[in-house]
Amino acid sequence: MIHFVRQSGAVLSSLFYECANSHTDLEGFLLGTLATRTLGAIDDHSGQTDDTTERFIVIQGYSLCQDRFYDSQGQVNRDAIEQQVRDIHQVVGYFRFRRETVMTLSIREQILMQGLQEMVPNLGCMAIITASLVEENDASTHAHDITFWNTTKTRIPLQIVNMNESTLAYQHFIPSVAQDPRRMDMLQSIDPTSIMQQYDTIYQRAMDALERATTQVIEKERELKALMEQCSS
């Protein structure tokens with residue numbers, strides 16, 4: 001059973017961006033890997049170690065569905081899935097975006113999840129994303145929310161790994177057990193001496209992009225305010 005989901009802030013922001021700019025509902029697949037870690041706690045009185053094993057999902061990307069891969073009753077077509085994703089073994093979840101709705105799974109989505117479990121070997125979660133107006137009279141600002149369920153239809157928490165965390169969080173983000181051994185070979189080939197330099201470069205680029213995006217949002221808000229004033233006058 002999956003206990004929680006881990007995802008970087010960049011991937012989550014990119015997914016929200018796709019949802020915010022969509023004219024209709026969206027659905028797609030979450031790509032990543034399943035991982036397992038064991039946490040040990042030592043009792044000071046008895047000296048015994050209590051080990052707890054957790055299974056979690058590391059989401060590394062997503063793929064938007066171009067065509068529907070299920071019918072009106074929620075029956076899944078595996079061939080339709082394989083036509084839309086490069087490697088079905090990288091699919092760890094399914095997501096659906098819909099506006100102004102409650103955060104719950106419909107009957108069709110529950111049936112769809114059961115069908116995906118049978119067709120997708122590493123499927124471990126389903127996510128529902130919603131968007132709603134922050135203020136009823138202000139259509140320019142929306143709030144997005146996302147909720148995950150595991151295969152037992154139980155809500156599971158999302159842990160967002162941001163770039164401004166401690167550099168020690170990097171080692172916790174890498175799964176201790178990877179499904180694909182090729183990923184472990186890639187991690188072993190990383191040069192430790194260049195990690196910090198790459199980290200600083202990516203962080204600076206992200207901050208520059210955030211500053212540009214903030215400036216654009218402020219300008220758009222000013223234009224919208226001026227347009228609303230013209231319409232009301």
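These are my notebook entries on a predicted model of a protein.

**Ground rules.** The model is predicted, so I kept local features to pLDDT of at least 70 and side-chain atom pairs to pLDDT 80 or more, while totals for chains, interfaces and linings use all residues. I number residues from 1 along each chain as its sequence is written, and side-chain values use heavy atoms, with hydrogens and water left out.

**Overall layout.** I looked up the secondary structure and got six helices and eight strands. Here helices (H or I, at least four residues) and strands (E, at least two) are DSSP runs, numbered from the N terminus. Going along the sequence, I read β-α-β-β-α-β-α-β-β-β-β-α-α-α.

**Burial and surface.** The protein has 233 residues, and 33% of them count as buried. My cut-offs: buried is under 20% relative accessible area, exposed is over 50%, and partly exposed is in between (1.4 Å probe, protein chains only).

**Contacts.** I take a contact as heavy atoms within 4.5 Å. Of the contacts with a separation of 6 or more, 72% join residues 24 or more positions apart.

**Strand pairing.** I call two strands paired if DSSP finds at least two bridges between them. E1 (residues 4–8) runs parallel with E3 (residues 49–64) over four bridges, and there I found Arg6 opposite Val58. E2 (residues 26–42) pairs with E3 as well, antiparallel and over 15 bridges. Leu34 has Ile57 in E3 as its bridge partner.

**Gln7.** I checked this residue in strand E1. Gln7 counts as buried because its relative accessibility is 2%. Skipping neighbours within four places in sequence, I list its contacts as Leu12, Ile59, Phe148, Leu158, Gln159, Ile160 and Val161.

**Positive phi.** Glu100 is not a glycine, yet its phi is positive at about 50°. I place Glu100 in the loop between strand E4 (91–99) and helix H3 (107–119), and at 55% relative accessibility it counts as exposed. Lys153, also not a glycine, has a positive phi of about 65°. Lys153 lies in the loop between strands E6 (138–150) and E7 (155–156); at 30% relative accessibility it counts as partly exposed.
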